[in-house]
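Here's a quick briefing to read next to the model. Have the sequence and the 3D view open as you go.

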Amino acid sequence: EIMRACNRVTGRYQASHEQLNAEVVRLQKELASANAALQRSRRLAALGEMAAGIAHEIRNPLSSIQLYARMLSEDLADLPELRDLAQKIGQAVRGLDAVVHDVLTVSREIRLQPQCGSVAELLDASVESQRGLIESSAVRVVVDVDPALAFDHDADALRRALVNLIRNAVQAMAEGGMLTLCAERHEDALRLVVRDTGPGIDDDAVDRIFNPFFTTRHSGTGLGLTIVHRIVEAHGGTICVHNDGGAVFTILLPLHGPSGAELLSRKEASHDSSAGS
């Protein structure tokens, strides 16, 4: 009887030990994820300060070049070949200006104006803004959301984030495919999922996909997903990506955003912390 009792106690200790080991592994993964997020935030902050200064210096001469190119194009109205060259200069300058705009967007502090709004309206507006691209790419879109579902958010900022995800998904499905956007309540949060049937993301790129200037395409600044990440973080949410028959982006957002007083308190705490350091 004593041996059986010892065996029972030993079995319980063994089970507890295994549970503790599993919990330690889980906490280590969470700590590693939190450290990675902290390092990303620090890199973004340092890069943002540097990039903002460079972008401002670049934007002024770009404006002058664009003005001169437009004037030159008007003066060369009777010389089509030379006028086309001037117009190409103007197009190139506009492309560079778009890059500068993205850099400044990444470097600026995101100030939200959250209001309670419909999730269905947010998704519909985001899809509609890319209707031309979607139709020209033969992509079918499915939106799955409860019409009554609503949460606190900055509609303009989140729409921009979703538009970036939608555009990337459509461009990844060059031969056509299906784009699925679904939203549901997940405990005290809203879960948004953007799924495509494209080739997915390379395994070695998944961990870097939100880094500034990282892109898997031949064109683009590599800042689109960085901006998406910052907008989601500004809402107090998280975003992750994995492959499952295509790329799957999952966003978790709090249903009820912080009040104005809470936002002010956070800002003051952040300012005091920075001043102390």
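**Strand pairings and their surroundings**

Val142 sits opposite Thr180 in strand 4. This is a predicted model, where local features need pLDDT of at least 70, side-chain atom pairs count only at pLDDT 80 or more, and totals for chains, interfaces and linings use all residues. Residues are numbered from 1 along each chain as its sequence is written, and side-chain values use heavy atoms, with hydrogens and water left out.

- Strands of a sheet pair through backbone hydrogen bonds, either parallel or antiparallel.

**Who pairs with whom**

- Strand 2 and strand 4 (residues 177-186) are parallel partners over six bridges; two strands count as paired if DSSP finds at least two bridges between them.
- Strand 4 and strand 5 run antiparallel, joined by eight bridges, and Arg185 has Leu190 in strand 5 as its bridge partner.
- Strand 5 and strand 7 also run antiparallel, with seven bridges, and here Leu190 stands opposite Leu253 in strand 7.
- Strand 5 is largely enclosed by the rest of the structure, because six of its eight residues are buried (buried is under 20% relative accessible area, exposed over 50%, partly exposed in between; 1.4 Å probe, protein chains only).

**A helix across the sheet**

**Two residues with positive phi**

- Most residues other than glycine have a negative phi, and most peptide bonds are trans.
- Ala138 is not a glycine, yet has a positive phi of about 55°; look for Ala138 in the loop between helix 4 (131-136) and strand 2.
- Ala138 counts as exposed, at 57% relative accessibility.
- Glu187 also has a positive phi, near 55°, in the hairpin of strand 4 and strand 5, which has two residues between the strands.
- Glu187 counts as exposed too, at 65% relative accessibility.

Key:
Helices (H or I, at least four residues) and strands (E, at least two) are DSSP runs, numbered from the N terminus.
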